[in-house]
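Hi,

Here is the structure I said I'd pass along. Have a look at it first, and then read my notes below.

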Amino acid sequence: MTWNWDALYEARDVVDCRLSTKGTCSHVIPELWVGQTLAMKKAQSDQVIAQASSLDALGEVQWFMPKFTLDEYPEFYSYHGMKGEENRQKLASLFKRPTTWLQYCEEFSPTKCENDTTASRWPEPDERNKFFVHGFYDGYFHRSDKSNCRLFAHNCTGEFIQGTCHNSNSDEALLYWEKIALSTNGPNEYGTYGYGDLLDIWAAANATRSNVVMYLWTPHDTIESYVGTEAEFTAIRLPPVTRECEDNRVTNEERCSMDPLVRVGPKEGACGYRPSVLKKAVAEVLKCDGGAMCSPAYEFIKSLRIDSVSQRELLNSWISIGTDKYGYDPRFAVCEWVKSNLDTLRLSIPNSYPRVKKNEDSNGSFSSSATVFGAITSFSVLLLMAATYKLRRKTVIVYAQPDFMYMVQTGLFAVALGSIVYSLPPSPSICASRMWLVTFGYTMELFPTSIKVAAINRLVQSSSNFRRVKISRKTLHGYVGICIACVLIYLMVWTILDPYTVSTRPILEGNTIIMRKECTSSSKQWYFASLIWQILLLLWATVLAIQTRNVRQEFNESQRLGFLVYTNFIFVIIRLVLFFVSSSFRPSQLSSITSYLFCIDTIANICVYFVPKIHEGWKTKSDHKRSTVGASVMIDGKSTMCLACSGTGRRFNGPSNRFTPGVVRSCASTGSNIVDNGVDHPTLGDKNEDN
């Protein structure tokens, strides 16, 4: 009997044995004997198996003779009846050497296996080394030269059927030190026999009623199959096991030594075999961390107990079927045994198993109302864009810069669409849409706002210092374009390298596995980076808004833009908090809450900045007659015009009432310059001097 440790090492390397290409992969060795202790310890140190656990069954190596032999020679029930020179000739004459089919046909068959009563035909190539083939070769035992006591009076021996040296046996030592005139002369290394040979030789002994003595172990299906017959396996009592014998018994390596003296070891190591508590080894890779999808296999196999009685029941059930011994029969026997022992097996099932898997229910009305709210918000932004276009020639809209308003409104519309997709069940396209719409939308909403606030702040600071400032519309638009391009590149890289897509996260609730779908990337750093980008934009805009907080209300762009920035800042902070406490919510709940936040954020921005302008535009009956861009402010009782950004056809509305076709830059209460393509236009208090 051998143990395929390589199969467990392969399982460690591939985890899933279905992926193995070596043809030998296993997660369990269900039966380990004491002789495998060193191999078990090595496998544990190599992290191949966990701690081996008891099977609750006993295994024992023994010597066996057929019942008919012991009925005739009862002295052989004990090794005492076999030891010594007085038994040499008896053992040599009784226990003959088994003969292979080919050897029988070539050396012993009188007809060369034609019409022979022992062999019905000549063996096929794969049958030549067989000791028994049911229905074709009954087996044959012959006297060898070693058993000829006339030639070797003091050295003749009978045949002992010994398994390979890789098995946990000490037969050679026991035969040598107890002076039992038996030796092994099989076809394998050191005269041993293979596992299949052992079973065939016993079958041949039964068919020919020949005497045989061999090594085998219990429990074993072949032993069970002969119970109640004349060839029943009957154990021989061997020398008792002592601690001294156990300590001096030869090791696995010594059993396979080329030196026969090393194989027999010291005399103190010659004794019988003690019953061993059989153990089972389970691959380390089967262990789970206790997660929802954790397989119960490891804990179940570890706690499974199949005692000796149960093993015999299984073996007898298997033998009794007799249809497909090494195919269907064992499977059927196991299934029948499981059916009969369900109550016992349930005791080995870990807590919280079996588990039921189901998809997480959506938030129902909460998600649906979020979708409706998002649709209403999106429609509101479209109405706002239409109203802005309709009133684009009104003074208040002209001063506020229609192109700037369209940029911000585009961002608001993208965020509003994002609120809709956030309320929908996750899918690859939905997840990607969330990422693109929200990141792009907030950038379109916040960056132009920051650019405009910066322009106003620069204008105010320049006016207070009596300095010229040049603000180009093309430059401002270029900044916005570059920023948007960078954001789009980032989104494309994110989508290609680590797509923001749907993933399923199992959550254990009692005995139920809830399959939660959520949008995520392998690394959360991508999403976190986009959130930080929005916060940086807001921090920048907030600082600028604070710097312009003392500008007079008549300079109507500054304070309203400041409120717009503050509103966005509050909602982004709320989203950041949600990001860090996201584990406290179900993904569907978090998505719906985020959807509502986007809607409220968008509506708040509309109400804070756009609604007052649209309302004022509707009240104004006439269009703006001149292409004036800016905002009026009263400083020290003098009416001046301070312009936030450039454009053609600018008008300075002071006492001189001069129209300057060009680019207006800054103004002050007591004097400023309006610069048109590098040409100074004096204003109130200016005497053609640079102030």
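**Cavities, a pocket and some helix packing**

There are 5 cavities of 30 Å³ or more in the structure. Bear in mind that this is a predicted model.

Helix 6 (residues 171–177) contributes the largest share of the lining, 3 residues.

Now for the open space. The largest pocket holds about 1300 Å³. It is lined by 38 residues, and the closest to its centre are Pro30, Glu31, Gln311, Leu315 and Trp318. As for where the lining comes from, strand 1 (28–32), helix 12 (297–303), helix 13 (308–321) and helix 14 (328–340) each put in at least two residues. Which of the elements gives the most to the lining of the largest pocket? That's helix 14, with 5 residues. By class, the pocket lining has 25 nonpolar, 9 polar and 4 charged residues.

On to the helices, where I followed helix 16 and two of its partners.

Helix 16 (residues 365–390) packs with helix 18 (residues 402–422) at an angle of about 165 degrees, and their axes are 8 Å apart. Angles over 145 degrees count as roughly antiparallel, so that is the label for helix 16 and helix 18. The crossing of helix 16 past helix 18 is left-handed. On the helix 16 side, the residues in contact include Thr371, Gly374, Ala375, Val381, Leu382 and Met385. Helix 18 meets them with residues including Met405, Tyr406, Leu412, Phe413, Leu417 and Ile420. The class count for this contact is 13 nonpolar, 8 polar and no charged residues.

The other partner is helix 23 (residues 587–619), which packs with helix 16 at an angle of about 25 degrees, the axes being 9 Å apart. Angles under 35 degrees count as roughly parallel, so helix 16 is roughly parallel to helix 23. Helix 16 makes a left-handed crossing here too, as it passes helix 23. In this contact the classes come to 15 nonpolar, 9 polar and 1 charged residues.

That's what I have for now.

Cheers

Key. Residues are numbered from 1 along each chain as its sequence is written. This is a predicted model: local features need pLDDT of at least 70, side-chain atom pairs count only at pLDDT 80 or more; totals for chains, interfaces and linings use all residues. Side-chain values use heavy atoms; hydrogens and water are left out. Axes are lines fitted to C-alpha atoms, for helices over the stretch in contact, and angles run from 0 to 180 degrees between N-to-C directions. Helices (H or I, at least four residues) and strands (E, at least two) are DSSP runs, numbered from the N terminus. Angles under 35 degrees count as roughly parallel, over 145 as roughly antiparallel, 65 to 115 as roughly perpendicular and the rest as oblique. A crossing is left-handed if the near helix is turned anticlockwise from the far one by less than a right angle, and right-handed if clockwise. Contact means heavy atoms within 4.5 Å. Ala, Val, Leu, Ile, Met, Phe, Trp, Tyr, Cys and Pro count as nonpolar, Asp, Glu, Lys and Arg as charged, and the others, Gly among them, as polar. On a 1 Å grid over the protein atoms alone, a cavity is a set of points where a 1.4 Å probe fits but cannot get out, and a pocket is an open set with protein on both sides within 12 Å along at least five of seven lines; lining residues have an atom within 4 Å of a point. Grid points are joined across faces, edges and corners, and a volume is the space filled by probe spheres set on the points.
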